[in-house]
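Me: I would like to go through a structure with you, one question at a time. Please keep the answers plain.
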Amino acid sequence: MIARYRGLSAYNKAVLQLILAGSIWGLSFICVLWALKDFSTSTLIFWRFLFAFIIGEAVLFLFNPTEFKNSMPDIKLSLLSGVALGASLLLQTHGLHFTTATKSSFITSLYVVLIPFASYVFFKKQVKVSHIICGAIAFIGMAFLLNLHSEKDLNFNIGDLITFGCAITSTFHIMFVGAAANKVKNAFRFNTYQTFWALLLTLPFLVYEMNAKHIPIWPSAVELRSVLSILFLAVFVTLIAFYLQIVAQKTLTNSTASLLCLLEAPNAFLFAYLILGEKLIGFQILGIILILGSSFLSVFIDRPKNGST
Amino acid sequence: MSQAQTPTPNLRTIYNFKLNKIIDHTPQIRELYCELVNMPAFNFRAGQFVMLHVPVESGKPALRAYSIASTDQLKNGFKLIFKFVETGIASRFVWDLKGDEILNMTGPFGKVFFQEPPTEQVVFLNTGSGISQHFSFLESKMSQYPNLNYKLFFGVRHETDVYYEAELKRLQAQLPNFEYHYVLSRPTDSWTGKRGYVQDCLKNFDYKNTPTTFYMCGNGAMIKDVKKQLFEIDGIDKSKVWAEAFD
């Protein structure tokens, strides 16, 4: 299997890397649910990012000290994407105080529609019709997947506006990663520091929330499952999945990358169905098909062609 | 375009091209289909090249020359072929392309053109990505001169480096007297085609008694060897030999 993977083209490898990242992110939803039994949202983000940063730095320092030394420029390079990542988390978390999880997920997924246009405006990329169509299909797919029509309140409130801000910062996160991907010396180090900057940005809000709501930084009673969930989130979701995203975006366009990142949503529903036994209704299956279909259509259209010899 | 008119390059005019297609012929050879987006037309003559503006961090872009690899009858774009160079700044840029970029170029440049009226026999000798210029000649002139004796010798190292065969076959289907040969310098035992270097192939056909024009594009050492043979040993007129060298 490893030999077959090695034999793949850089493009196919990148697609597989983001599919794997999407699967890990999809699985993270269950870990967040388990961890939230003992931790608050803000302390969960804090510990997840802190563990990820410490583990990431320790791993590179111990196992590849040369790269640890040589990849110092990645610390600065990761600043913008780290800020965008931190801002996305903050805005999404804050928005959830005023809106529903369904609407939040749906509005956040707007990044697939925004990316082709934002990439044109800020990075002078081509606006491809295929990217716009695939983004729109995936966005409609999200509406089906989230069962949006059954939402009682579809009015646009302040929480939705804040979450829309999250969609914008998520757009910038993918674009910043795309712009930096081919400049990074070590994608693992870049990701560790992306995590660090995101952690720094969220820190003042954590302190504010701890004081305002009297939340302890570490809960007085904590189950092993919650701690393991945070460790899983730190190692697999933050260190490995985001690392895969950076490596994949060396090859993939921002638009295709964003569609593959969106696979997180159907994966979350599939894992909830498989692990938690939650039901999937017909509309949701149609949503999954639309998201998968648009992702793979974009992957297919964007692929580099192999010449005949 | 008529042979008398050569487009004047404007160094200040930057043409923007969107990428329509990326083809990886081999791990070392990449072809880009470029479509003009910011001007009504890009006029060039077969044999000319463009300067690709390679973005350089905190500085002016680096300019790199690439021969156009398609017909000069198309005014809204062209194809470029790139050979990967390990330390090349342009190679890094081209191999990092994802397909949604806009490329900046200036041109056209170059004064190696297809000589008209043509001789009875036309010989192309190229190595690496030197096929670009010769393919542009053939594609641009094939409808005008379909019955000439065209011979193309394409030098590469290994079987795995062979590319563009489908495109050459397509030309062969339309040109009754077009033959092409891959010449491999390091083939495996199973290779049944020509071995050695393209310069060794001069002995394989008659050019002393048949009016012939030679076009060479690619490796400088190959061009030097062929010129030595043609000028110093065979006494061929210099106006019958046209070359564009790059190493």
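Me: How many bridges join strand 9 of chain B to strand 10 of chain B?
Reply: Two bridges join strand 9 (residues 178–184) of chain B to strand 10 of chain B, and the strands run parallel. Strands here are DSSP E runs of at least two residues and helices are H or I runs of at least four, numbered from the N terminus. Two strands pair if DSSP finds at least two bridges between them. This is a predicted model, in which local features need pLDDT of at least 70, side-chain atom pairs count only at pLDDT 80 or more, and totals for chains, interfaces and linings use all residues. Residues are numbered from 1 along each chain as its sequence is written, while chains are lettered from A and ligands numbered from 1 in the order in which they are written.

Me: Which residue stands opposite B:Lys194?
Reply: B:Val183 stands opposite B:Lys194, which is in strand 10 of chain B.

Me: What is the strand order in the open sheet?
Reply: The order of the six strands in chain B is 10-9-8-7-11-12, with parallel pairing. Strand 10 (194–195) and strand 12 (241–245) of chain B are the edge strands, each pairing on one side only.

Me: Which strands does helix 2 of chain B lie across?
Reply: Helix 2 (residues 131–141) lies across strand 7 (121–127), strand 8 (149–156), strand 11 (212–218) and strand 12 of chain B. Helix 2 of chain B runs at about 140° to strand 11 of chain B. Axes are lines fitted to C-alpha atoms, for helices over the stretch in contact, and angles run from 0 to 180 degrees between N-to-C directions.

Me: Changing topic, at what angle do helix 3 and helix 11 of chain A pack?
Reply: Helix 3 (residues 41–63) and helix 11 (residues 187–213) of chain A pack at about 150°, with their axes 9 Å apart. Helix 3 of chain A is therefore roughly antiparallel to helix 11 of chain A (angles over 145 degrees count as roughly antiparallel, under 35 as roughly parallel, 65 to 115 as roughly perpendicular and the rest as oblique).

Me: How many residues does each chain bring to the contact between chain B and chain A?
Reply: The contact takes 17 residues from chain B and 17 residues from chain A, where two residues are in contact if their C-beta atoms, placed from the backbone, lie within 7 Å. On the side of chain B that touches chain A, the largest share, six residues, comes from strand 1 of chain B.

Me: What ipTM does the predictor give the complex?
Reply: The predictor gives the complex an ipTM of 0.78 and a pTM of 0.84.
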